[in-house]
Amino acid sequence: MTLQKMENVDFIDIYKKYRTRVVNIAKAMLHDADEAEDVCQDVFETLYNMGDTIDFMDEEKLSNLITRISFHKATDHGKIAFRKYEHVDSDVLMTMTDMGVKSGGNVDEIILTLEAAGYLQTIFQKLREKNRIDYEIYVSVTLYDIPSRLVAKHYHITENNVNNKVMRTRRWLAREYKKIRR
């Protein structure tokens with residue numbers, strides 16, 4: 001039995017046939033339609049990139065593979081809290097930052113506490129407008145303690161690049177804070 005080559009497969013037909021299944025699996029696991037759409041995109045990108053290693057003619061194997069990829073992508077997506085800070089309740093945010101300050105009071109925790117209290121809202125707004133990705137990376141690593149390797153994987157950059165962005169963002173925040181204090 002030979003594999004059906006990717007160039008001979010109409011990938012759009014496969015997408016149309018299995019899209020609903022992928023979205024339903026992701027939605028059931030994540031309870032969020034937008035997140036489910038993101039997972040769907042990841043699943044079909046993975047499938048497409050697998051290319052000639054898949055036998056597209058074996059419907060049963062293809063169906064099982066898509067279901068398995070959907071489950072794993074939704075599970076992985078659920079573990080990553082990159083977008084949660086945009087929807088977090090302010091009481092939860094205050095509790096998290098209070099705990100951070102009580103645990104040692106390093107620069108990141110103090111700056112994040114000040115942001116939550118409203119003192120540095122303009123600085124963080126400026127950072128969001130200036131460079132949304134750096135803001136998201138900084139918040140993910142410092143506030144949510146997401147390991148830099150996972151952040152790097154999410155943004156398709158190296159872990160060293162994530163650490164550099166956090167360090168540069170920290171310096172930029174400190175400079176902006178000094179400007180306000182003058």
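Buried here means under 20% relative accessible area. Keep that cut-off in mind for the close-ups below, which come from a predicted model.

**View 1. Asp134 and Lys165 pair up in a salt bridge.** The side chains sit 3.1 Å apart, N to O. Asp134 belongs to helix α7 (residues 132-142) and Lys165 to helix α9, so this pair ties together parts that are 31 residues apart in sequence. Asp134 comes in at 15% relative accessibility, so this residue counts as buried.

**View 2. Glu176 and Lys126 form a salt bridge.** Here the N to O distance is 3.0 Å. Glu176 lies in helix α9 (residues 159-181), while Lys126 lies in helix α6 (residues 121-130), so the contact ties together parts 50 residues apart in sequence. How accessible are the two ends? Glu176 is buried, at a relative accessible area of 9%, whereas Lys126 has 40% relative accessibility and counts as partly exposed.

**View 3. Glu59 meets Lys17 in a salt bridge.** The side chains come to 2.5 Å, N to O. Glu59 is in helix α3 (residues 59-79) and Lys17 is in helix α1 (residues 11-30), so the pair links parts that are 42 residues apart in sequence. With 39% relative accessibility, Glu59 counts as partly exposed.

View 4. How many salt bridges does the structure hold? The count is five, and among them are Glu59 with Lys17, Glu176 with Lys126 and Asp134 with Lys165.

Definitions and conventions:
Residues are numbered from 1 along each chain as its sequence is written. This is a predicted model: local features need pLDDT of at least 70, side-chain atom pairs count only at pLDDT 80 or more; totals for chains, interfaces and linings use all residues. Side-chain values use heavy atoms; hydrogens and water are left out. A salt bridge is a side-chain nitrogen of Lys or Arg within 4 Å of a carboxyl oxygen of Asp or Glu. Helices (H or I, at least four residues) and strands (E, at least two) are DSSP runs, numbered from the N terminus. Buried means under 20% relative accessible area, exposed over 50%, partly exposed in between (1.4 Å probe, protein chains only).
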